[in-house]
Amino acid sequence: MGAVAVSGHVDHLTITHAGPQGPVQWPLRLGSVPALASAFQQRPEVRNAIDQAVTGHTAVVLTQVLSGGGGVGKTQLASAYAHQALVEGVDLVVWVDASETDQVIARYAVAAHIVDVPNALAGRTGEQHARAFLQWLATTKRSWLVILDDITDPDAMQPWWPPSSAWGCGRVVATTRRQDAALSGGGRAVVDVDTYSPQEAHTYLRARLRAARAEHLLDAQTQALAEALGNLPLALSHAAAYMINEDVPCADYLLRFNSSAAKLDDLLPRHADTEGYGRHVAAALLLSLNVAQACEPVGLAIPALRLAAVLDPAGHPRDLWGGQAVINYLTAHRTPIPGSDALIPVDATQAKATLRLLHRYSLLTDDAQAGFRAVKLHALTARAVREHTPSGEQREIVRTAAEALTELWNKGVERAVLHTNVDSLNDFAGDMLWEVEGHHLLRWVGHSLRARGLASAAVPYWQRVADTSERLLGRTDRKTLLARRELAMAYLSAGRTKDAFAVFQEDYAYDAEALADTGLKKDQAGDSADLLRLLEDTLAVRERLLGPTAPETLSCRVQLSFAYWNADKQPQAISMLKLVLKHQNEELGIHHPDSMATALRLNELRTERKRRWWETSAGS
């Protein structure tokens, strides 16, 4: 068989033979099948899912579409099937770069001449040659496997899927980031491909480093490193190469990775791409973003993903995207539609349509069946987005996220879900969350921790909040005193009475008027009776000097309420807190964060009192 030359655009493709056409030498491999990665993982669970799609399918042609985000190993799985087919002696294995439909047509057209399709030379265009090849696949008795790698436009691919084999001897494996319905039409089976399992990720790192004679880099943090990398095959490959090149143990690399100053492009550099992927990890993860930005609803994909990236990668509620805070943000940050400078308002329908758009391009996952964790994105994708978000836009993103979470909190969304999302936002925003007046979320989380009986977690939490408030606002600022009050309450809930009393005493040292009028010195208060007397006297002074509804007076009432409770004076505790709530509702409104926090604490005390009453009644 003579050599084949190809020239011209696919619509005017010219194919000529250099020399006489000889008999086809079977088996044939067309295209560049990627080599299997070092320490390639067989991934039995994913392979089983693919094989079950084969055995459970009724169509004559066996077509599996491997769908998943960037870097999850779709191409490597397809390559494994191609190598397996070559070993088994399949007559024809065709590897096609399907990122552009023109490339698919061109590969088919060349294949038509390589396999000596009858009358192929009679075709005048590349498409006619390609169709001749597809017809040959449908009728040949030879076994074949076609790999369509990286389909980016499912609609344009519709006419170019290999047809059913009349003899049942053909198979198609495709890979794509897309999750469009068109991929599952025509008898095709879609198989979702996710990251490695924790065991697979750990096994990969150990095998990769051992193969490079770098086993000394393995240590007790190997599993933790795999988890930090989100078990993403592409990231694990780059990280392993970096560690080998720089002789960096897992523990040291993990410290660098967790550093807030570190960037993905430095930690997972392109020169560490030993498997020939061809892109930075961050670029690979966000490859589809610009395409999604140009799709309907136009101009919303980038701002939406930037907002999602500051929330918990493990998931947040879909309802967040129907809230006014998100709608206002998307409207303000929507990229103008070409040819128009007008600001086009966004509504809840468009906001949620943007989620589906990002889902179709595997930039995040939108799964209604996951409940309050419906919207997720891989932690490395989130980090890549944050690192590529302009600093000038970060403040507004933080403000929007805080307002959106506040809306969900007021709707009664599951607290544990909100806690992790507030934590993620706080980790990213830091001081910025205080600057945009979003730190009330931190107080709400702290109140909820204690309400759920998590006193051991509440103590260090309130220590961090109080320290941050003092650093940013000052020792005598009301918000700092409120945070320290909560720290003292957390100490009391944890049974650390002395620590709680020490906080109370320190704070009263900043209230010269109250401390002077109580007549008590710090070293005179040692037990609960002294604490009650100190608080009662301080309350009386504040009521006289500041008035019954002053914030400082109400703060003292709350402290006294919990002191009563810990002194087993439950009726007085509840009565005192009810009075505080009454004043706050009148002065601040029932939806004010302070009013809601007090209502939460009051309900907590009532519930606990009822529980104790039942226990006492049952015991008698």
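The axes of helices α22 and α26 come within 11 Å of each other and cross at roughly 5 degrees. Axes here are lines fitted to C-alpha atoms, for helices over the stretch in contact, and angles run from 0 to 180 degrees between N-to-C directions. The two helices α22 and α26 are therefore roughly parallel, a description applied to angles under 35 degrees, with those over 145 counted as roughly antiparallel, 65 to 115 as roughly perpendicular and the rest as oblique. On the α22 side the contact (heavy atoms within 4.5 Å) is made by Arg-478, Leu-482, Arg-485, Met-489 and Leu-492, and on the α26 side by Pro-551, Ser-555, Val-558, Gln-559, Phe-562 and Asn-566. The residues of this contact of α22 with α26 comprise six nonpolar, three polar and two charged. In this classification, Ala, Val, Leu, Ile, Met, Phe, Trp, Tyr, Cys and Pro count as nonpolar, Asp, Glu, Lys and Arg as charged, and the others, Gly among them, as polar.

The model is predicted, and local features need pLDDT of at least 70, side-chain atom pairs count only at pLDDT 80 or more, and totals for chains, interfaces and linings use all residues. Residues are numbered from 1 along each chain as its sequence is written, and side-chain values use heavy atoms, with hydrogens and water left out.

The protein contains 28 helices and ten strands; helices (H or I, at least four residues) and strands (E, at least two) are DSSP runs, numbered from the N terminus. Of its 620 residues, 51% count as buried, where buried means under 20% relative accessible area, exposed over 50% and partly exposed in between (1.4 Å probe, protein chains only). Among contacts between residues at least 6 apart in sequence, 69% join residues at least 24 apart.

Helix α26 (residues 551-566) also packs against helix α27 (residues 570-587), at an angle of about 160 degrees and with the axes 7 Å apart. Helix α26 is therefore roughly antiparallel to α27. The crossing of α26 past α27 is left-handed, the term used if the near helix is turned anticlockwise from the far one by less than a right angle, and right-handed if clockwise. Residues of α26 that meet α27 include Leu-554, Val-558, Tyr-564 and Trp-565, while those of α27 that meet α26 include Ile-574, Leu-577, Val-580 and His-583. The contact of α26 with α27 divides into eleven nonpolar residues, five polar and one charged.

Within helix α22 (residues 478-493) lies Thr-480, which is buried at 0% relative accessibility. Residues up to four places away in sequence aside, Thr-480 touches Ala-466, Ser-469, Glu-470, Leu-473, Gly-474 and Arg-475. The C-alpha atoms of Thr-480 and Ser-469 are 5.2 Å apart, although the two residues are separated by eleven positions along the chain.

Side chains of opposite charge can pair when their charged atoms come close. A search of the whole structure identified 18 salt bridges, each defined as a side-chain nitrogen of Lys or Arg within 4 Å of a carboxyl oxygen of Asp or Glu. In one of these, Asp-312 pairs with Arg-373, with the closest N and O atoms 2.7 Å apart. This pair links distant parts of the chain, since Asp-312 is in the loop between α13 (301-308) and α14 (324-333) and Arg-373 is in the loop between β9 (365-366) and β10 (375-376), 61 residues apart. Asp-312 is buried, at 9% relative accessible area, whereas Arg-373 is partly exposed, at 21%. In another salt bridge, between Arg-399 and Glu-396, the closest N and O atoms are 3.6 Å apart. Arg-399 and Glu-396 are separated by about one helical turn because they lie three residues apart in helix α17 (residues 391-410). Arg-399 is partly exposed at 27%, as is Glu-396 at 32%. A salt bridge also joins the side chains of Arg-496 and Asp-499 (2.8 Å, N to O). Salt bridges that share partners connect Arg-178, Asp-180 and Arg-360 into one network.

Most residues other than glycine have a negative phi, and most peptide bonds are trans. The peptide bond from Trp-26 to Pro-27 is cis, with omega near -5 degrees, and Pro-27 lies in the loop between β2 (14-18) and β3 (28-30). A cis peptide bond also joins Glu-296 and Pro-297, with omega about -5 degrees. Arg-43, not a glycine, has a positive phi of about 50 degrees; Arg-43 is located in the loop between β3 and α1 (44-55) and is buried at 4% relative accessibility.
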